[in-house]
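User: I have a structure open and I'm new to this. Can you walk me through it?

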Amino acid sequence: MARTRDAERSGAARRATIVDSALVLFAQRGYKGTSIAAIAQAAGITQPGVLHHFRTKEALLTEVLAERDRQAFTAVGIDRAYAGPAIVRALEIVYDMVAHSRENRELTRLTHLGTAGSNDIPESALEWSRTRVRTFRTNLAGVVSKDIEAGHIRPDARPEATASLIIGMITGLEQQWLLDESFDMLVAMRAFIDTMTRDLLIPTPRD
């Protein structure tokens, strides 16, 4: 049993090393510009060793994109406690995620290739991006619905449309920044959040 556990830990560690190495190379060189051989060399293992954990480069790219999201969620503290309307907390998470994207330009570019479609991105990664957007929209719409029920948000607010607007703003601001690095997307995102909260939230009566 001890040997089995040691082997599992060793395998998980090697898999993580492969993903981390691929993440850096995909960000620097793009998907087509990165070979399994280059990933293996960066990870310090053989090509068969990489293919043992990921049968194809497409499968590895999908895991890299998922790891990029996990790192972003960790960086913004998505699970930390908060008080007050959930939409306020959700919008602050959105702001922090955009700030995280600003610190990781090439990875943000890679994510956008997956979202918009590109000859540099395989179909499996495009499908991952579609699922990601649908999940994000569903989660945000759920936040809006719960806040409507709790009396924090105007009852005529439309959860699905509001969620789509937030996602569209994130995507649009990041695309503008990828085209022009001098564009301050954080200032624009803060202005959007201020407008959204003023429009959505029901004022709390003062004592």
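The chat below goes through the chain as a whole and then a few of its helices and residues.

Analyst: This is a predicted model, where local features need pLDDT of at least 70 and side-chain atom pairs count only at pLDDT 80 or more, while totals for chains, interfaces and linings use all residues. Residues are numbered from 1 along each chain as its sequence is written, and side-chain values use heavy atoms, with hydrogens and water left out.

User: OK. How many helices and strands does the chain have?

Analyst: The chain has nine helices and zero strands. Helices (H or I, at least four residues) and strands (E, at least two) are DSSP runs, numbered from the N terminus. Along the sequence the pattern reads α-α-α-α-α-α-α-α-α.

User: What does the C-alpha trace span?

Analyst: About 65 × 50 × 25 Å along the principal axes of the chain.

User: And how much of the chain counts as buried?

Analyst: Of its 207 residues, 38% count as buried. Buried means under 20% relative accessible area, exposed means over 50%, and partly exposed is in between, using a 1.4 Å probe and protein chains only.

User: What share of the contacts comes from residues 24 or more positions apart?

Analyst: Such pairs make up 67% of the contacts in the chain with a separation of 6 or more. Contact means heavy atoms within 4.5 Å.

User: Let's pick a helix. What is the reach of H4?

Analyst: H4 covers residues 57-76, which is 20 residues, and reaches 29 Å from its first C-alpha to its last. That is close to the 28 Å expected at 1.5 Å a residue. The expected span is 1.5 Å times one less than the number of residues.

User: Which residues of H4 are buried?

Analyst: The buried ones include Leu60, Leu61, Val64 and Leu65, and also the charged-type names Lys57, Glu67, Arg68 and Asp69.

User: What comes just after H4?

Analyst: Gly77, with a positive phi of about 65°. Gly77 sits in the loop between H4 and H5 and is partly exposed, at a relative accessible area of 21%. Its C-alpha is 9.9 Å from that of Met97, and the two are 20 residues apart in sequence.

User: Back to Arg68. Which side chain makes a polar contact with it?

Analyst: The side chain of Thr108, at 3.1 Å. A polar contact is a pair of N or O atoms within 3.5 Å; within protein, one must be able to donate a hydrogen and the other to accept it, and residues adjacent in sequence count only if both atoms are side-chain atoms.

User: Where does Thr108 lie, and is it buried or exposed?

Analyst: Thr108 lies in helix H6, residues 105-116. Thr108 counts as buried because its relative accessible area is 1%. Leaving aside residues up to four places away in sequence, Thr108 touches Arg68, Ser101, Glu174, Trp177 and Leu178.

User: New topic. How do H5 and H7 cross?

Analyst: The axes of H5 (residues 86-102) and H7 (residues 123-149) come within 8 Å and cross at roughly 150°. So H5 is roughly antiparallel to H7. Axes are lines fitted to C-alpha atoms, for helices over the stretch in contact, and angles run from 0 to 180 degrees between N-to-C directions. Angles under 35 degrees count as roughly parallel, over 145 as roughly antiparallel, 65 to 115 as roughly perpendicular and the rest as oblique.

User: Which residues make that contact?

Analyst: From H5 they are Ala86, Ile87, Ala90 and Val94, and from H7 they are Phe136, Leu140, Val143, Val144 and Asp147. They divide into eight nonpolar, no polar and one charged. Here Ala, Val, Leu, Ile, Met, Phe, Trp, Tyr, Cys and Pro count as nonpolar, Asp, Glu, Lys and Arg as charged, and the others, Gly among them, as polar.

User: Which residues of H7 are buried?

Analyst: Among them are Leu140, Val144 and Asp147. Gly142, also placed in H7, is partly exposed, with a relative accessible area of 26%.

User: And what follows H7?

Analyst: Gly151, whose phi is positive, near 85°.

User: Last one: what about Gln41, buried or exposed?

Analyst: Gln41 is exposed, with a relative accessible area of 67%. Gln41 is in helix H2, residues 36-43, where the buried residues include Ile39 and Ala40.
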